[in-house]
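Open your viewer and keep the selection tool at hand. We will go from the whole chain down to single side chains.

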Amino acid sequence: MKISVISFTRAGAVKNLELVRILQENHHQAVSYSWHKYTGRRLIPFKSLKLLFQDLWENQEVFLFLWDMEHVAGAVMPWLKEKGQGPAVFVMDEDGKFVIPFSMGKTEGMQEWCTWFARLVNAAAVITSPLQREERFLADVFARKNQLHIQDIFRIRTIAEKLFLKEPVGIYSDYPIDGVLPEGLVGVGSVMNGDKPGITPDLEVGISITDDWEAPHFAKECRMFPCNLVLGIVCPEDVEVQNLQRFAVSVLAQNHLSKERVCGLFSVRELADEKGLRMLADRLDIPFFTYKKEQMSSEKQELSEMCESCASLGSGRGKKLVGCREQDGVYLAVYEKDAKLSF
């Protein structure tokens, strides 16, 4: 999700950076905004909350304020009255002890997301409204929380209808899932973390969390991909974005990897202002990050080695899926982050 974390003090700026780092590690497009007196690397300064809202209001899914409720209400209420239902708005104290929903926004499942986020950062979610459909599993909310791309979005309704009628729905995953299996779901294979593979029950409808392009596990299957691929790219200056995009998409397709799984683009600091790379990140709707050359593991700093180092660092030293490929001076590698899933 696209999340803006906004702070107004020095202590808030420190907590801001910590929260954004955690959110980015969990595959959210989170950005830090800090009052202009308290800035630093990775903190975007602002002097006017009104101007900041003008830039961000229509495109964000969540605003997380490190501020007090009274000030948040005064800042947000005029926009809610003028624009109607907008992004979800949450308030957190600078000590990071509590998360309080102010407005749930137009995106479904934000109450559940708030509870998940609070657990993630060891805070308490202060929710006063009753949890609707608390016992019913929501496939789209589960996918959003775990940064999963839904390939067959029309299957969501089929899943919901089955669960509403209290009919069993299967769930298969190539990745371990922490937590308690929700009511109505039947685990297929080693769905739960630590479980041994079991016998596949005869279920017509189910969810498959997999990047395998082979035969489905259910007759009516809602397939989800983890968004955990990162691209490492090193290229000459002024490379056309069309060429970059064509090359990246072809490498992914040749290796049976969906472009919807890509969650980040990484390069070297010297290319931070390269328009082609930034435009490619915009087209793929993913964040763009850079590393300094001294952070690279390669002593020779060959372009091919730097591209793999960028992808490796960006994935948290994850699994190499595609070693360095080169075309017209553009070097590209694909790495996979560990997928951390939970109910």
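How many positive and negative side chains does the protein have, and how far apart do the centres of the two sets lie? There are 41 positive and 47 negative side chains. The centres of these two sets lie 3 Å apart. Keep in mind that this is a predicted model.

**Stop 1: the whole protein**

You will find 9 helices and 19 strands. Turn the model along its principal axes. The C-alpha atoms fill a box of roughly 60 × 55 × 35 Å.

The accessible area comes to about 17,600 Å². Carbon and sulfur atoms hold 48% of that area. Of the 343 residues, 49% count as buried.

**Stop 2: the salt bridges**

Side chains of opposite charge can pair when their charged atoms come close. A search of the whole structure finds 10 salt bridges. We will visit some of them.

Select Glu 204 and Lys 220. They form a salt bridge, with the closest N and O atoms 3.8 Å apart. Glu 204 lies in the loop between β11 (185–188) and β12 (205–209), while Lys 220 is in strand β13 (residues 220–226), so the pair ties together parts that are 16 residues apart in sequence. Glu 204 is partly exposed, at 41% relative accessible area. Lys 220 is also partly exposed, at 35%.

Stay in this region of the sequence and select Glu 221 and Arg 223. Their side chains meet in a salt bridge, 2.9 Å from N to O. Are these two residues buried or exposed? Glu 221 is buried, with a relative accessible area of 6%. Arg 223 is buried as well, at 8%. Residues count as buried when this value is under 20%.

Move on to Glu 308 and Lys 320. The closest N and O atoms of this salt bridge are 3.1 Å apart. The pair links distant parts of the chain: Glu 308 sits in helix α9 (residues 303–314) and Lys 320 in strand β17 (residues 319–327), 12 residues apart. Glu 308 is buried, with a relative accessible area of 19%. Lys 320 is partly exposed, at 44%.

Now pick three residues together: Asp 211, Arg 261 and Glu 336. Salt bridges link them in a network.

**Stop 3: Ser 312**

Go back to helix α9 and select Ser 312, which has its place there. Ser 312 counts as buried, at 10% relative accessibility. Which residues does Ser 312 touch, not counting those up to four places away in sequence? Show Arg 317, Gly 318 and Tyr 335: these are its contacts.

Finish with a distance label. Draw it from the C-alpha of Ser 312 to the C-alpha of Ile 127. The two residues are 39 Å apart in space and 185 residues apart in sequence.

Key
Residues numbered from 1 in each chain as written. Predicted model: local features only at pLDDT ≥ 70, side-chain atom pairs only at ≥ 80, totals over all residues. Heavy atoms only, no water. Helix = DSSP H or I, 4+ residues; strand = E, 2+ residues; numbered from the N terminus. Buried < 20%, exposed > 50% of the residue type's maximum accessible area, 1.4 Å probe, protein only. Areas by Shrake-Rupley, 256 points an atom, 1.4 Å probe, with all protein chains shown as cover. Lys, Arg positive; Asp, Glu negative; His and termini not counted. Charge placed at Lys NZ, Arg CZ, Asp CG, Glu CD. Salt bridge = Lys/Arg side-chain N within 4 Å of Asp/Glu carboxyl O. Contact = heavy atoms within 4.5 Å.
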